[in-house]
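Visitor: Please take a close look at a single part of this structure. I would like one connected account of it, and then of what surrounds it.

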Amino acid sequence: MKLAYYPGCSSEGSAIEYDLSTKKTALLLETELEELEDWNCCGATSAHNTNKLLSLALPARNLAIAEQNGMDLILAPCAACYNRLHSTELIARKDEAVRERIKEVIDMDFSAHTSTVSVLEWLDSKVGVDKIKARVKNPLQGMKAACYYGCLLVRPVEHTGFDDPEDPQSMDRIVRALGAETVEWPFKVECCGAALATSRPDIGAKMVHSIISNARDAGAECLVTACPLCMLNLDMRQAGAEKAAGEKLNMPVYYVTELVALAGGASPDEVGIGKHFVEAKGYLGSLPARTAAMAAAAPKKAPKAAKAENEDEAAVGNEDAEALRKKIDAMIKAFNKGPDKMAARLIEDGERAAILADIITGDEKKIARLAELMITDKDKAGKAAEAFVTGELKRREKAGL
Amino acid sequence: MGVTTKILPPQGKDRALLARIEKEAGTSINLCYQCGKCSAGCPVGFAMDYTPRQVIRLLQLNLIDEALNAESIWICASCDTCSARCPRGVDIASLMDALRREALSQGKIKDKKVAEFNKAFLNGVRNFGRTFEAGLLLQHNLKTMQPFKDAGLGLPMMSRGKIRLLPVKIKGREQVKKIFARAEKMRGEEE
């Protein structure tokens, strides 16, 4: 397969790893990339915020160059570039009057017949996950990834259309083909804040924090992206988001192409993983040990216990899962033996503690939840206990007691 | 009837302005039945003075100036979630875009930081043909009087080889400059 390659401005600076790893991935998957000659910036959001015609003309110059060179298929790894180039193709193809105006502005022949694809479309639809799977030498077993699509790969629907806009799956399929596990999570198409991280960091930091903490709460240990601006916000600006939220996140972020190249045999340094802001090599290094530990622990347990263990493991990191299970079991026993004593440990207020003791007595589910939290996060256990009591009080009030 | 205020849809000159905004946005505000789905899912709604639904309501009620002066139109991240979810097919994101452009041409800029960022970004493209990240950050932070914002990121960017100190200049720079000039001229002729 041969594709015209539109690297985008960030490939020469902040997203240098994306460029490196896209080229490695292309080699691995026998896709020939030919860089578009003398390409210019697509204008990104700033252009369509300012002047609509300009926002079509800047991408169109690149498309016209591809046409001149007889290239029909263009790969634009940057989600913003992909979106601008592909939108321009579709708008200009549909509306002849607009196309004529664009031609006048760029002063070039332009028929808008090219097709620009994203990295996800290239890997998932053009190459296919079966071929990717066949090239995996170092499977990413043990990795728990949240695939983050953001905005521009899936919206506007009528301009992208290669995946579902609310629950896209193409990146999940690719990452799973590499041997990793992907989590289901609600924020996969939430906006990272884009340029707001620079122009309005007060707003941007909150958006970055909500995405990363949502991935973490869904059980993910890393994020995967296919957009340089998402990467910049989630990785470089993660420290700022941590500071604003008063909470450490330490969530490594990878480009999907980095993972494909790594699984295909490249070393982390070859694809630029050492250039990330949030340390990302350590997690990759820890994967074989995690896989071994999981394999050793798995056959001894009933499926239900194994599942609970996974959740605990995500919460406490490297702590031995077996020991953790034992601790939680002991805590459950303590709850069953003396619910009032345990309730007093969780809630200071005597009256509320008594209500808690009352409601957890004989309620296995609530006891298991509180016991688990007592081991993994005492603060959360206190909050959960308070919530149980508040809920109960509301119920009593409703019932007229 | 005495105490109620009659608010009517835009008439006359305002109607023409609104029609132009709608045409540029390629959408119609009359389709909106104010369900609020756009605003429930808006990732920046928490920071807005008017939610996207309220911005449309302002336009429906002939409060166009109020909409053009809203901070919201500059906070909108153009993520397109609203447009993707609108049950009436209103392209709200595109409308926000058109409002920003209109506010810009009328000199009504509520959030200077965003407008300055766009200006700095496009200046780089106009001069070199490509974005110059280092120059962009520097110019933006100087223009918005926050020279030390992101100062802590400069060195780490450099040590990672992630920032170029000099811009890449494409061969077709003159051509790009002409594209800017023609696009600006043709936009001016339309109005």
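Guide: A residue is buried if 20 or more other C-beta atoms lie within 10 Å of its own. The model is predicted. Take helix H11 of chain A, residues 228–236. In this helix, 9 of the 9 residues are buried, so the rest of the structure largely encloses it.

Now the setting. Chain A is assigned domain 1 (2–121), domain 2 (130–292) and domain 3 (303–399). The C-alpha centres of domains 1 and 2 of chain A lie 24 Å apart. Between them, 26 residues of domain 1 of chain A are in contact with 32 residues of domain 2 of chain A. On the domain 1 side, helices H1 (16–28), H4 (79–94) and H6 (119–127) of chain A each supply at least two residues. H1(A) gives the most, with 9 residues. By class, that side has 13 nonpolar, 10 polar and 3 charged residues.

Chain A also meets chain B. Here 47 residues of chain A are in contact with 48 residues of chain B. Helices H2 (44–50), H3 (52–68), H5 (96–106), H9 (196–199) and H10 (201–217) of chain A each supply at least two residues of the chain A side. H2(A) provides the largest share, 7 residues. The chain A side divides into 23 nonpolar, 13 polar and 11 charged residues.

Key. Residues are numbered from 1 along each chain as its sequence is written. Chains are lettered from A and ligands numbered from 1 in the order in which they are written. This is a predicted model: local features need pLDDT of at least 70, side-chain atom pairs count only at pLDDT 80 or more; totals for chains, interfaces and linings use all residues. Two residues are in contact if their C-beta atoms, placed from the backbone, lie within 7 Å. Helices (H or I, at least four residues) and strands (E, at least two) are DSSP runs, numbered from the N terminus. Ala, Val, Leu, Ile, Met, Phe, Trp, Tyr, Cys and Pro count as nonpolar, Asp, Glu, Lys and Arg as charged, and the others, Gly among them, as polar. A residue is buried if 20 or more other C-beta atoms lie within 10 Å of its own, exposed if 12 or fewer, and partly exposed in between; C-beta atoms are placed from the backbone. Domain bounds come from an automatic or database domain assignment.
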